Protein chains: 2
Amino acid sequence: MNFKEEQKEKVEKIEAILREYLPEANGYQSVIMEAMEYSLMAGGKRLRPMLMMETYRLFGGETEVIYPFMAAMEMIHTYSLVHDDLPAMDNDEYRRGRKTTHIVYGEDMGILAGDALLNYAFETACKAFEQFPEESLRIGQAMSVLARKAGIYGMIGGQVVDVKESGHQIDEEVLDFIFRLKTGALIESAMMIGAILAGASKEDVKSMQKVAGKIGMAFQIQDDILDVTSTTEQLGKPVHSDEKNEKTTYVTLKGIEQAHKEVERMTEEAIDELKKFPAGDNFLEQLLKSLVYREK
Amino acid sequence: MNFKEEQKEKVEKIEAILREYLPEANGYQSVIMEAMEYSLMAGGKRLRPMLMMETYRLFGGETEVIYPFMAAMEMIHTYSLVHDDLPAMDNDEYRRGRKTTHIVYGEDMGILAGDALLNYAFETACKAFEQFPEESLRIGQAMSVLARKAGIYGMIGGQVVDVKESGHQIDEEVLDFIFRLKTGALIESAMMIGAILAGASKEDVKSMQKVAGKIGMAFQIQDDILDVTSTTEQLGKPVHSDEKNEKTTYVTLKGIEQAHKEVERMTEEAIDELKKFPAGDNFLEQLLKSLVYREK
């Protein structure tokens, strides 16, 4: 099986897990379950749960204790997109080629669907306690990382600065802060949780955090590049949005050539660090490389 | 010390705990910490953390493991108010006599402050794992209840139906559903977590859920009564808002006399159930009674 086939199979596996943990739509409140499913099952690379699963396997993890955390991670990522698209935020009507959640369900349900996904992420992760009570200590550690990296010292913190500085000229330090928190934090969380739940040492968890930090940075710079070089058809969302929003990006600060170089350098460093660990296959390495050459 | 003094002292204790767990405002994202503090420290009865603490004591709980959960509970309650007040929801400019969070910080930060409080609630509750790792199993159970009762099968679920049915005539069954979930679920959560963390039996946790359900119902009906009978000065928020929003309430369905009776009946039943447990003092009973006679 080549990389693309293997990746496709893994995406399918992840989406099956997501479906398993999605709530059934029933009760007077069923519209919210529908909105959650609409936004969660809209496709996407499933990068964060994939990195989590691969890291878990890398450290010898073998049980299903990782599943609720994989689902929780993608729910958190999705809620952030749903709220990001709201009229008071980026005011986007399309994402991944489909109408955004608040366009389909109304702005009030858009807010509530985001809230519901964030809350349900923790509810879902808690299922690990019920299924693997003997691993409560480890699960508690994973839960702490999940919460911290999604919050004001992680993703939300980055989002706040991104919103606050929108339309202002910012320097490299602030841009780096936004990248590390807004995009990097969840990717760090994914790989750290994979390592923690597999029983990795504190040192190895830190090592994964470092790898993930570089991947997150490379991924975000690549996003900035694609916003300039890609087409709306390829991306499934409007291009040149950064220019339209007068956003400072890595490309506006450093130029596209330097941006390309930085993505490659970060990716190489991440792969070098990963090579210290005896992985069963080189899927993870290929996955990281595919991020550099992706066109959407 | 009389009841009012004791209650005041307990509110002060709870607010000291909230301050202890609130994040310090620093970093590029400091505005979000300020918005969190603005909304969380806006006063209020602190009913949910108070019920949690009292239930914890009722079952012999003695450590500080309950503190992060008390703070988490109030953060969840507060985030729900912040999002509830948004223009796309109830569009309220005042709460507890002060400008609402989105009026002070802007609509984008209002959304993010709500998200931040919800996420930080779980981040805060997770601190119990770090401080009391030997109680991880119990803390995991409490975390599950916290998440479930705040989510689509709890508070958010009730909120969804409330929003969806706004302006429509609804029957008693739907109104009961909204009350049980929107208001009741967090109160159940508070008392269940108090019992769980104190090591109460499953049966006793269920008993507390029952008590809390009745308190929540009484509390919500009293809210409907006050919206009709109180003044804006007393409540610190506009009265007659239900009429303005053409909302079906317990008062519009059953009349004010029946509403009063129901509040008293529910409260009596809750107190009777509580009397089965050998409480150290009668503060909890007085607290429940004070809810019936409250004017705000």
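**Close-ups of a predicted two-chain model**

**View 1. Polar contacts and salt bridges between chain B and chain A.** Across the interface of chain B and chain A, the rule picks out twelve residue pairs in polar contact, both at pLDDT 80 or more. (A polar contact is a pair of N or O atoms within 3.5 Å; within protein, one must be able to donate a hydrogen and the other to accept it, and residues adjacent in sequence count only if both atoms are side-chain atoms.) The rule also finds two salt bridges across this interface, a salt bridge being a side-chain nitrogen of Lys or Arg within 4 Å of a carboxyl oxygen of Asp or Glu. A:Glu123 forms a salt bridge with B:Arg148, and their closest N and O atoms are 3.9 Å apart.

This is a predicted model, in which local features need pLDDT of at least 70 and side-chain atom pairs count only at pLDDT 80 or more, while totals for chains, interfaces and linings use all residues. Residues are numbered from 1 along each chain as its sequence is written, chains are lettered from A and ligands numbered from 1 in the order in which they are written, and side-chain values use heavy atoms, with hydrogens and water left out.

**View 2. The face of chain B that touches chain A.** The contact (heavy atoms within 4.5 Å) takes 51 residues from chain B and 51 residues from chain A. About 4500 Å² is buried between the two chains, with carbon and sulfur atoms giving 72% of that. Here, buried area is the accessible area (1.4 Å probe) that two parts lose on being put together, summed over both. In chain B, B:Tyr28, B:Asn119 and B:Ile152 lose the most area to chain A, together 17% of what that side buries.

**View 3. The two-fold axis.** Chain B superposes on chain A by a rotation of 180 degrees with 0.0 Å of shift along its axis (RMSD 0.0 Å). That's the relation of a two-fold axis. Of the residues of chain B, B:Ser136 comes closest to the rotation axis, its C-alpha at 2.8 Å. And 100% of the interface residues of chain B are also interface residues in chain A, so the copies meet through the same surface.

**View 4. A:Gln7 and its neighbours.** A:Gln7 is buried, with a relative accessible area of 16%; buried means under 20%, exposed over 50%, and partly exposed in between (1.4 Å probe, protein chains only). Leaving out residues up to four places away in sequence, A:Gln7 touches A:Met50, A:Phe283, A:Leu287 and A:Ser290.

How values were computed:
Copies are superposed by least squares on the C-alpha atoms of residues with pLDDT of at least 70 in both.
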